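Please look over the structure below before reading on. The notes that follow take up its strands, one of its helices and its nonpolar cores.

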Amino acid sequence: MTQSSDEMFMREAIELARKAEAAGEVPVGAVVVVQGEIVGRGFNQPIGRCDPSAHAEILALREAAARAENYRLENADLFVTLEPCVMCAGALVHSRIRRLVFGGRDLRFGGVRSKFRLADSDLLNHQIQVEEGLLAADCVALLEAFFQRRRH
């Protein structure tokens with residue numbers, strides 16, 4: 001995929017993150033892409049759904065897997081505004097996502113680069129191609145503004 005299409009998909013994830021923010025959730029958004037088409041969308045909803053697993057990545061994976069009628073998404077790429085946590089990184093490995101592109105690092109809970117390296121670990125049976133930093137300034141700005149407002 002070209003850089004411009006990657007940016008287009010990350011911008012869609014950012015729009016989904018804004019939906020999470022509007023619902024009072026931490027602003028994280030994700031899209032699953034297969035052959036240039038978005039097949040799964042998600043934004044953080046653990047509060048609204050009373051579900052600790054309702055992270056943006058999990059919801060996007062669920063939608064994409066339902067559409068594919070297969071829990072394995074071997075030809076799919078996932079774009080997410082924030083580095084996935086350990087739970088989400090594990091789900092990405094289990095789903096056999098081909099490529100993960102994330103915006104900003106999660107220094108507290110990151111399961112892909114910041115705290116752990118699950119997505120491309122040689123210890124697991126599947127390694128994901130990881131790319132970080134796409135539109136990171138935009139992704140991080142959303143999170144910083146959200147938490148700044150919550151503190152005041």
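Contact here means heavy atoms within 4.5 Å. The model is predicted, and with that cut-off in mind, the buried residues of helix α4 (residues 86-95) pack against α3 (56-68), β3 (76-82) and β4 (99-104).

**Helix α4**
- The residues of α4 that are buried are C88, A89, L92, V93 and S95.
- An α-helix has 3.6 residues a turn, so residues three or four places apart point the same way.

**Strands β1 and β2**
- Strand β1 (residues 29-34) runs antiparallel to β2, and six bridges join the two strands.
- Within this pairing, V32 stands opposite G40 in β2.
- The hairpin of β1 and β2 has two residues between the strands, and in this hairpin Q35 takes a positive phi near 50°.
- Strand β2 (residues 37-43) is largely enclosed by the rest of the structure, because five of its seven residues are buried.

**Nonpolar cores**
- The largest nonpolar core has 24 residues, of which V32, L78, I97 and L100 touch the most other members.
- Two or more residues are given to this core by each of the elements β1, α3, β3, α4 and β4.
- Another core, of 17 residues, lies apart from the largest one, and I14, A17, V31 and V33 are among its members.
- Leaving aside residues up to four places away in sequence, L100 touches L78, V80, P84, L92, V112, I128, Q129, V130 and E131.

Key
Residues numbered from 1 in each chain as written. Predicted model: local features only at pLDDT ≥ 70, side-chain atom pairs only at ≥ 80, totals over all residues. Heavy atoms only, no water. Buried < 20%, exposed > 50% of the residue type's maximum accessible area, 1.4 Å probe, protein only. Helix = DSSP H or I, 4+ residues; strand = E, 2+ residues; numbered from the N terminus. Pairing = 2+ DSSP bridges. Core = buried A, V, L, I, M, F, W, Y, C linked by side-chain atoms within 4.5 Å.
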